[in-house]
Amino acid sequence: MAERICRALRDGALEGEHAPALTIKDSIQSPFGSLVFNHVLSQLSSFIVAQKSQSQGIVLVAFSRGPLYYEELFKSKGNDVASSNKWIRVLDCCTDPLGWRSKLMESGRIANLTLGTSTTASLYKNVKDLDKLLLAITELGKELVGDGKGRFVVAIDSVSEMLRHTSISSVAGLLSNLRSHDQVSCLFWLLHSDIHETKAIAALEYLSSMQVSAEPITRPVNGQRGNSVKLPFLEQNLRGGKIHVRFKRRNGRVRLMSEEFCIEQSGIKFTPISSEAEMIAQSLVPKVQFNLQLSEKERNDRAKVVLPFEHQGNGKTIQIYDGRKSLNEDKPEMQYTSAEKVQTVKDSGRGEIIYFRDSDDEMPDSDEDPDDDLDI
Amino acid sequence: MAGNKPRGSSFSRNFSATSNTISQIPGLKHGPNGTMFLSSGIPDLDKILGGGFTLGSLVMVMEDPEAPHHMLLIRNFMSQGLVHKQPLLYASPAKDPRGFLGTLPSPMFSKDEKSRDRDAEQEKGLRIAWQYKKYFGEQNSELLRDGKSEYCNDFDLRKPLERHFYSGQQTDCISLQDSADLTTFHDRCSSFLSQTPRNDRNITCAGRIAIQSLSAPQCDFSDKECDMLSFIRSLKSTIRSSNAVAVITFPPSLVSPAFSKRLQHLADTLVSVKAIPDEDKELAKLLTGYQDMVGLLSVHKVARINTQVPTILEATTFSMKLRKRRSLILECLNQAPVDGSTGSSYASSSSCSGSSKTGAIDF
């Protein structure tokens with residue numbers, strides 16, 4: 001599924017559409033975002049070298065790690081460094097982001113620094129001005145792929161570093177302008193989510209079409225404190241973790257996927273999730289209060305219910321309420337005192353109702369409660 | 001209950017000579033309480049709202065950051081205005097908003113759709129009780145229409161709108177990224193609205209304003225919430241005194257909850273869209289027709305101008321589907337009965353009847 005993301009980036013943007021944008025998030029509990037970034041970068045570079053992708057080059061905006069690091073990275077992955085200036089340009093915002101070094105060198109304070117020069121890297125000294133940065137990126141891209149129909153990938157090493165220098169709205173402006181640029185095929189960036197405000201993170205998620213967040217495999221339970229409990233978790237989390245992917249599809253649906261990863265000598269390795277998938281049932285739709293199925297217990301209980309009209313006839317005489325409210329209390333008395341009335345009832349046995357109204361002024365049926373027939 | 005038709009009162013407006021001119025203007029129709037409607041571009045949404053968007057009202061759409069469904073609403077709204085030759089002002093945070101006009105859908109003409117014919121045929125088999133025949137008659141007159149003078153067109157999302165619709169002077173596009181604050185934009189809106197003032201004389205045409213993603217992060221003013229609020233407040237008051245409708249979309253997840261609540265209260269008609277997860281087995285069991293759905297639309301508030309009586313809808317959540325991948329339809333949610341022991345309800349009610357578009361006759 002990490003492969004799926006790389007393929008989506010490789011396929012790039014359709015005509016007239018914004019370029020797909022990937023946010024790679026991590027946090028202190030699972031600080032492997034940069035490894036995921038390297039993985040995506042090397043995958044894309046191999047696609048580009050093999051000419052299987054929409055884009056023909058990568059412009060890497062390096063804020064947190066210098067161009068030499070990336071040279072080493074590409075060498076270790078087996079990419080030919082010599083020919084790398086055909087498909088990659090590095091905009092070096094790491095060595096001298098605010099131009100202080102060059103100012104100091106001009107004034108003679110420090111000795112002239114000879115950086116390991118590489119043909120692919122160009123120094124950028126003004127990270128506070130994002131308009132110029134946009135211009136620099138697009139110029140580098142045009143250098144790589146020419147002015148016509150060629151497209152290039154933009155990789156930003158760490159948007160967190162950018163946010164140190166400028167506001168979220170200018171960063172968001174830069175990213176959205178890159179997305180809508182005709183020659184950008186896709187872009188991806190790294191973000192450390194726990195050092196920014198939620199508003200900034202929400203804004204970056206708004207701008208991206210795919211999000212990968214690296215999370216630890218197990219989170220320590222809140223109630224437990226003390227190092228003795230945390231150490232096993234830490235160890236486990238340092239060796240691997242999970243990535244959760246949110247994929248915004250073109251038809252407007254969101255696909256959620258997860259995978260596990262582990263850190264090895266050669267880098268990062270992804271495996272499909274082994275443990276039980278935790279499905280979080282989101283209630284988007286109203287819950288309806290119908291339940292048409294009966295559980296076993298409910299079925300038994302239903303069989304046990306005796307219906308109201310079934311009560312009578314268990315040996316007792318069937319008594320039909322005849323409008324006199326004091327039935328139960330006067331029961332012993334009835335047998336002695338109102339013998340005549342009872343006799344008439346008894347004589348007829350069943351089916352005769354003699355009803356004595358309290359008064360003739362009352363509306364008919366006002367003192368009758370049909371529910372009194374029920375023997376519940 | 002007469003479904004989504006406006007509830008008639010004992011008094012009815014006496015439409016005299018002026019009424020002829022109104023019915024001749026395409027795209028406008030009379031509503032209850034002396035208001036007038038213009039179409040949203042989506043026939044189902046017009047039915048749900050009781051006729052369309054009220055002239056002089058502010059419509060707000062709450063976006064979902066994970067899905068572009070608000071674009072469907074804006075596109076249909078703008079296309080409808082262009083087809084009816086109504087002046088249009090469009091603002092978005094993109095650097096080149098004119099490019100968006102090329103993605104607007106084109107209207108489908110009646111020979112393409114069979115559904116309306118089907119409805120008419122079904123009704124022939126019904127025997128209507130005499131006292132309800134008067135409602136039936138009104139419905140019929142809405143159905144019989146030609147392509148050009150239809151109040152609400154069905155739009156084909158796959159076919160782009162022809163250039164001649166939007167290349168005129170009446171269409172204006174503004175980029176929200178350019179201005180550091182909202183004053184210039186506000187001035188542009190005011191001058192646009194002065195083209196369609198409301199006065200006692202007959203109205204000639206209605207205007208439309210579409211603002212997409214007002215508080216998008218790339219705009220410089222997106223953290224100046226007071227400025228945005230005062231802009232919207234003054235826009236609302238200007239709109240009230242003009243014959244126009246403004247549709248504004250904003251992402252509530254990117255602004256503070258207090259600001260989002262204030263915007264929701266400022267709106268006359270409030271609608272929100274929501275994304276649905278893909279290949280979710282739980283939802284597939286819960287909802288019939290899940291495969292075709294692209295999202296959910298909820299109507300929270302319906303504009304009631306000149307009246308104190310609120311509109312209470314039968315259902316507030318609808319599923320958005322693309323019929324033949326071309327036109328947007330809204331359907332009531334059809335749910336399988338489930339154990340409802342947990343969970344708060346998202347909407348007040350949902351229809352349990354079989355698949356239904358809001359039917360032609362609702363009693």
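Me: How many of the five residues of strand 5 (residues 152–156) of chain A are buried, and what follows from that?

Reply: In this predicted model, buried means under 20% relative accessible area. Five of the five residues of strand 5 of chain A are buried, so the strand is largely enclosed by the rest of the structure.

Me: Which residues of strand 5 of chain A lie on one side and which on the other?

Reply: In a regular strand the side chains alternate between the two faces of the sheet. Here A:Phe152, A:Val154 and A:Ile156 are on one side, while A:Val153 and A:Ala155 are on the other. Every one of these residues is buried, and both faces of strand 5 of chain A are covered.

Me: In which sense does strand 2 (residues 57–62) of chain A pair with strand 5 of chain A, parallel or antiparallel?

Reply: The two strands pair in the parallel sense, over five bridges. One position to look at is A:Val61, which stands opposite A:Ile156 in strand 5 of chain A.

Me: How many bridges join strand 5 of chain A to strand 6 (residues 184–192) of chain A?

Reply: Five bridges join them, and the strands run parallel. In this pairing A:Ala155 stands opposite A:Phe188 in strand 6 of chain A.

Me: Turning to chain B, how many helices and strands does chain B have, and what share of its residues count as buried?

Reply: Chain B has 10 helices and 14 strands. Of its 363 residues, 52% count as buried.

Me: What share of the accessible surface of chain B belongs to carbon and sulfur atoms?

Reply: The share is 51%, out of an accessible surface of about 17,600 Å² for chain B.

Conventions: Residues numbered from 1 in each chain as written. Chains lettered and ligands numbered in written order. Predicted model: local features only at pLDDT ≥ 70, side-chain atom pairs only at ≥ 80, totals over all residues. Heavy atoms only, no water. Buried < 20%, exposed > 50% of the residue type's maximum accessible area, 1.4 Å probe, protein only. Helix = DSSP H or I, 4+ residues; strand = E, 2+ residues; numbered from the N terminus. Pairing = 2+ DSSP bridges. Areas by Shrake-Rupley, 256 points an atom, 1.4 Å probe, with all protein chains shown as cover.
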